[in-house]
Amino acid sequence: MSNSYGIWLSFNNQQEGFQIPINPGEIEVGEGSNSSTYDVVGLGEINVIKSPKLSSYAFSGIFPAQAYPFITANVVLEPSEYKDMIEKWMVTKRPIRFVFTGDSFDINEAVSIDDFSWKEVAGGGGDIEYTLKLKKYVFYSAQRMNVATRQAGAATTQVIQKGTKPRQNDRQTPKTHKLTPGEDLWTIAKRELGDDSKWREIQRLNGISDAQLKKLPVGMVLKLPGGTANV
């Protein structure tokens with residue numbers, strides 16, 4: 001991969017994270033459908049299309065202990081720091097953010113860490129070889145159900161009904177958001193405000209001109225409309 005490629009992992013709304021120091025030779029992306037095939041008497045074989053499977057991403061590389069010329073990250077940590085950070089994130093059982101930027105496509109998604117394996121390379125001067133497997137994470141919340149009691153003669157029946165109001169989201173809108181690679185106002189509005197059409201509000205609030213939209217600098221701190229707390 002060329003230097004125009006990059007991978008970033010972050011946790012807890014970019015409060016901590018890092019750029020993968022050496023770009024992996026390849027990234028395996030899984031976009032398989034979740035379909036099943038059945039034999040039905042009188043019809044033969046039919047294919048039932050179900051909801052698509054969650055996307056998966058896998059890549060391998062090294063966390064370097066030496067100043068290799070092919071390192072692409074501006075900030076390089078000790079090999080053990082990368083390992084310890086990923087293992088700490090796994091223990092929390094919370095999703096992380098996976099950002100991939102490239103020439104032909106970009107990825108910016110919340111993911112879970114499905115597997116992380118590593119080993120220290122013999123004779124490698126402290127380098128750590130690793131393999132990381134990620135899976136797209138879909139945020140969800142429980143829905144309130146109401147139990148109604150109906151009386152029919154001597155019999156009493158309980159009926160479960162959907163609540164009229166969904167469970168309130170515990171996550172408050174942050175006051176600000178630091179721009180990370182691959183992000184734009186549209187994706188920030190969709191993820192942080194729950195409405196991608198509010199990107200214009202972010203633009204107006206921060207005094208961003210139309211000409212600046214395509215070249216917003218990474219690390220720029222944006223004020224968010226309706227922000228109530230830093231998370």
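Visitor: Let's start with strand β1. Is it mostly covered or open, and how many of its residues are buried?

Guide: "Buried" is a cut-off: under 20% relative accessible area, with exposed over 50% and partly exposed in between (1.4 Å probe, protein chains only). Strands are DSSP runs of E, at least two residues long, and helices are runs of H or I, at least four, numbered from the N terminus. Here β1 covers residues 6–11 and is mostly covered, with five of its six residues buried. Keep in mind that this is a predicted model, where local features need pLDDT of at least 70, side-chain atom pairs count only at pLDDT 80 or more, and totals for chains, interfaces and linings use all residues. Residues are numbered from 1 along each chain as its sequence is written, and side-chain values use heavy atoms, leaving out hydrogens and water.

Visitor: Which strand pairs with β1 over five bridges?

Guide: Two strands pair if DSSP finds at least two bridges between them. β1 pairs in the antiparallel sense with β7, residues 96–101, over five bridges. Across that pairing, Trp8 stands opposite Val99, and Ser10 faces Arg97. β1 also pairs with β2, residues 16–19, antiparallel again, this time over four bridges. There Phe11 has Glu16 as its bridge partner. β1 and β2 make a hairpin with four residues between them, and Asn12 in the turn has a positive phi of about 60°.

Visitor: In what order do the strands of the open sheet run?

Guide: The order is β2-β1-β7-β8-β9-β6-β3, seven strands with antiparallel pairing. β2 and β3 (28–30) are the edge strands with a single partner each, so one side of each has no neighbour in the sheet. On average, neighbouring strands are turned by 30° against each other, direction ignored. For angles like this, axes are lines fitted to C-alpha atoms, for helices over the stretch in contact, and values run from 0 to 180 degrees between N-to-C directions.

Visitor: Which strands does helix α1 lie across?

Guide: Contact means heavy atoms within 4.5 Å. Helix α1, residues 79–92, lies across β1, β2, β6 (56–63), β7, β8 and β9, and runs at about 135° to β2.

Visitor: Which residues in the largest nonpolar core touch the most other members?

Guide: In soluble globular proteins, nonpolar side chains tend to be buried together. A nonpolar core is a set of buried Ala, Val, Leu, Ile, Met, Phe, Trp, Tyr and Cys residues joined through side-chain atoms within 4.5 Å. The largest one here has 25 residues, and Leu9, Phe59, Phe98, Leu132 and Leu134 touch the most other members. Two or more residues come from each of β1, β6, α1, β7, β8 and β9. Apart from that core lies another, of ten residues, including Leu179 and Leu224.

Visitor: Why does Gly124 count as buried?

Guide: Gly124 sits in the loop between β8 (106–120) and β9 (128–136), and counts as buried because its relative accessibility is 10%. Not counting residues up to four places away in sequence, Gly124 touches Gln66 and Tyr68.

Visitor: Where does pLDDT stay under 50?

Guide: pLDDT is the predictor's confidence in each residue, from 0 to 100. Where pLDDT is low, the predicted coordinates should not be read in detail. Residues 166–171 stay under 50, and the model has five contacts for them beyond four places in sequence. The protein chain averages 79, with 72% of residues scoring at least 70.
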